[in-house]
Structure formats: C-alpha cells, structure tokens
Amino acid sequence: MASVKPADDFDPEEDAKVLRKAMKGFGTDEDAIIDILCHRSNDQRQEIESMFKQAYGKDLIDELKSELGGNFEKAILAMMQKPAVYDATCLRKAMKGAGTDESTLIEIMCTRKNDELTAIKEAYTAEFDRDLEEDLASETSGHFERLLVSMCQANRDESYEVDEGEAESDAQELFDAGEGQWGTDESTFNMILALRNFNQLRAIFSAYEKIAGRDILEGIKSECGGSLEDGYLTIAGIALDTPAYFAALLQRSMSGAGTEDEDLIRGVVSRCEIDMVYIKAKYLEMYEKPLKDAIEDDCSGDYKKCLVRLVGDD
C-alpha cells in the first residue's frame, strides 16, 4: 500500500500557480513546495511540470534547482523524475567515472519487476544514448556480471503458480551446486534465482532448508562472496519478504557515522507509491521504532520534512 496517493480534485494549473508564487521574488516558500509535491503522485507531478512551462514559459526543474539546495533539492528532483528515468539516472551515476557503486546496481536491477526493468532500459538509452546491458557488462565481471545481465533481460516468470515437485528438484540442484560439492556452481544459482517466480522461490527455499538443515540466506553466505553474494541475497530477500528488505535498506542508510542520503532518498522515493505502508510496519517490527522517528532523528530542515511527508507522518 502506498503512502503517497494521487490527490483528489487535482488541479495542475492551481498547483503550478502555488509553486510559481513559492519561488517568485525574494526568498523561497519551501513549505508550499513540500505541501504540493509531496502530496501528488508522480503522474500528477509530470502534469504540473508541463502546466508550469505552458503557463509561465519557464522550466519547473530549472526553477527548483535555482531555488533549492543540498539533500532537499536532491529529494525534490528525484520525485520530479519519472520512476524509470530516476532509476536509469541512478544506474548511470553508479557506473560513471572511477569505480562502480555495485550496491546501487544490485538494489535496482535485482528488485525491480519485468515491466519496470524494460522501462529502465528504454529510459537509459533515451537519456544517455547508451545501452544498459553493455554498460553493466563493461563495469562488472565474472558471475556478478552474468547475474546483472540476466536481470537486464526482464524475463522472470511473474506468475503466482507453485510446483512443489519442481521446487524440490530445484532445491536439490541448489544444494548439489553448493554445499553438496567442492566449490560452487554459480550458474545453477543464477539460473534458479533469475528465472523462478517469487512464490516458487519461497517453495524452493523451504525445500532447501529441509535438505541442507539451514536456510537459503545462510547457504548463499557460505557459498558466495562479494557483490555476487549481495546480489543473490537481495533476490532471496525480495522473494521472502519485500517490505523487510527495504526496511533493512532504509535502516542501513541511516545507521553508523553519517547518513547515506542518496540511498535514503532512493529508498523513500522509489517505494512511497508502491508499498511504503507495509515497509513502515515492518520497520517498526524489526527496529522497534517508527520510520518517521528514525528519519527525524537522522535528517534536518526541509529535507526532513520532505521525507517524512513522503513516508507518511502517521
């Protein structure tokens, strides 16, 4: 369930007028910007952006960039992008320049659905005139590269059907590919984790635990390492409990010294119109603290207000 829903009685002309007033003249009315943009769906924000240019002959994104700053600006600009464009932008940033941000590649490529991945690939080409699969292959290597290329095909079975016999067979294959032999046959892990629907994966993991005497997460940790391990764990985590995966991601972004603000922004912006209500409930269950309180403790100013509005301040 989403924490941000389309506004009732939506009037893009009136919203554009309020935003123009908030940024006109000396000073900026950040509260007005938050009140409008954090209470509109992404589709409605696209309409507001179009209406703003039609009404005032100015680009709303450029105006926001000139009036805002810091993490508040980053959060607002993330909200203003279409989801596929935002994900494509994050992926490009993760691969551009020296070094590669593997955790961002994993988070996006291993958690998005087929239609989302297809849209991301199209947006990546449209925005950067580059091929996402080619960039992923050039920036990674080995079995981790193969996993990301598999995800890039956007061809997972997304039915809800479960075949218990096939689940037991796949579970045995996973065991034989890992703990049942010397070394690990990563191609078997890749094939099963990349193709099976999430209901089927849960059945496979249940059967695996009976065979191996420990759960699949422990099995992956014992057999793999590095980014490949993280990728496999992400797919397994999403299949087992999607809200728990994102609750843990948000917690990691706010734990330790400093805040991983880009991870926090992406986690909130990408899920607020999908399942943030469930993520909040899982966060409270896992960390015995409301997500809103964690954000308020870790962030400040208009940035804090923005994120709290997106997750819902209930």
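**Reading helix pairs and single residues**

Tutor: Two packed helices are described by the angle between their axes and the distance between those axes. In this predicted model, helix H10 (residues 142-152) packs with helix H12 (residues 186-195) at an angle of about 20°, and their axes are 10 Å apart. Because angles under 35 degrees count as roughly parallel, H10 is roughly parallel to H12. The crossing in which H10 passes H12 is right-handed.

Student: Which residues in H10 and H12 meet?

Tutor: From H10 come His 143, Arg 146, Leu 147, Ser 150 and Met 151, and they meet Glu 186, Asn 190 and Ala 194 in H12. The residues of this contact of H10 with H12 divide into three nonpolar, three polar and two charged.

Student: At what angle do the axes of helix H9 and H10 cross?

Tutor: The axes of helix H9 (residues 132-139) and H10 cross at roughly 170° and come within 9 Å. Since angles over 145 degrees count as roughly antiparallel, H9 is roughly antiparallel to H10. In this pair, Leu 132, Glu 133, Leu 136 and Ala 137 in H9 meet Glu 145, Leu 148, Val 149 and Cys 152 in H10, and the residues of the contact divide into six nonpolar, no polar and two charged.

Student: Is Glu 133 buried, exposed or partly exposed, and what does Glu 133 touch?

Tutor: Glu 133, which is found in helix H9, has a relative accessibility of 31% and therefore counts as partly exposed, as the class covers values between 20% and 50%. Not counting residues up to four places away in sequence, Glu 133 touches Val 149, Cys 152 and Gln 153. The side chains of Glu 133 and Gln 153 are joined by a polar contact of 3.1 Å. As for Glu 145, it lies twelve residues from Glu 133 along the chain, and the C-alpha atoms of the two are separated by 9.7 Å.

Student: Where is Gln 44 found, and is Gln 44 buried or exposed?

Tutor: Gln 44 is found in helix H3 (residues 42-56), and its relative accessible area is 7%, so it is buried, the cut-off being under 20%. Once its neighbours within four places in sequence are left aside, Gln 44 is in contact with Pro 6, Ala 7 and Phe 10.

Student: Which residues are buried in helix H2, and against which helices do they pack?

Tutor: In helix H2 (residues 30-37), the buried residues include Ala 32, Ile 33, Ile 34, Ile 36 and Leu 37. The buried residues of H2 pack against helix H1 (12-23), H3, helix H4 (60-67), helix H5 (70-80) and helix H19 (301-311).

Student: Let us turn to the backbone. What is phi of Asp 9, and where does Asp 9 lie?

Tutor: Phi of Asp 9 is near 50°, which is a positive value in a residue other than glycine. Asp 9 lies in the segment before H1 and, with a relative accessibility of 79%, counts as exposed.

Student: And what is phi of Ala 154, and is Ala 154 buried or exposed?

Tutor: Ala 154 is not a glycine, although it too has a positive phi, of about 50°. Ala 154 lies in the loop between H10 and helix H11 (164-177), and at 12% relative accessibility it counts as buried.

Technical notes
Residues are numbered from 1 along each chain as its sequence is written. This is a predicted model: local features need pLDDT of at least 70, side-chain atom pairs count only at pLDDT 80 or more; totals for chains, interfaces and linings use all residues. Side-chain values use heavy atoms; hydrogens and water are left out. Axes are lines fitted to C-alpha atoms, for helices over the stretch in contact, and angles run from 0 to 180 degrees between N-to-C directions. Helices (H or I, at least four residues) and strands (E, at least two) are DSSP runs, numbered from the N terminus. Angles under 35 degrees count as roughly parallel, over 145 as roughly antiparallel, 65 to 115 as roughly perpendicular and the rest as oblique. A crossing is left-handed if the near helix is turned anticlockwise from the far one by less than a right angle, and right-handed if clockwise. Contact means heavy atoms within 4.5 Å. Ala, Val, Leu, Ile, Met, Phe, Trp, Tyr, Cys and Pro count as nonpolar, Asp, Glu, Lys and Arg as charged, and the others, Gly among them, as polar. Buried means under 20% relative accessible area, exposed over 50%, partly exposed in between (1.4 Å probe, protein chains only). A polar contact is a pair of N or O atoms within 3.5 Å; within protein, one must be able to donate a hydrogen and the other to accept it, and residues adjacent in sequence count only if both atoms are side-chain atoms.
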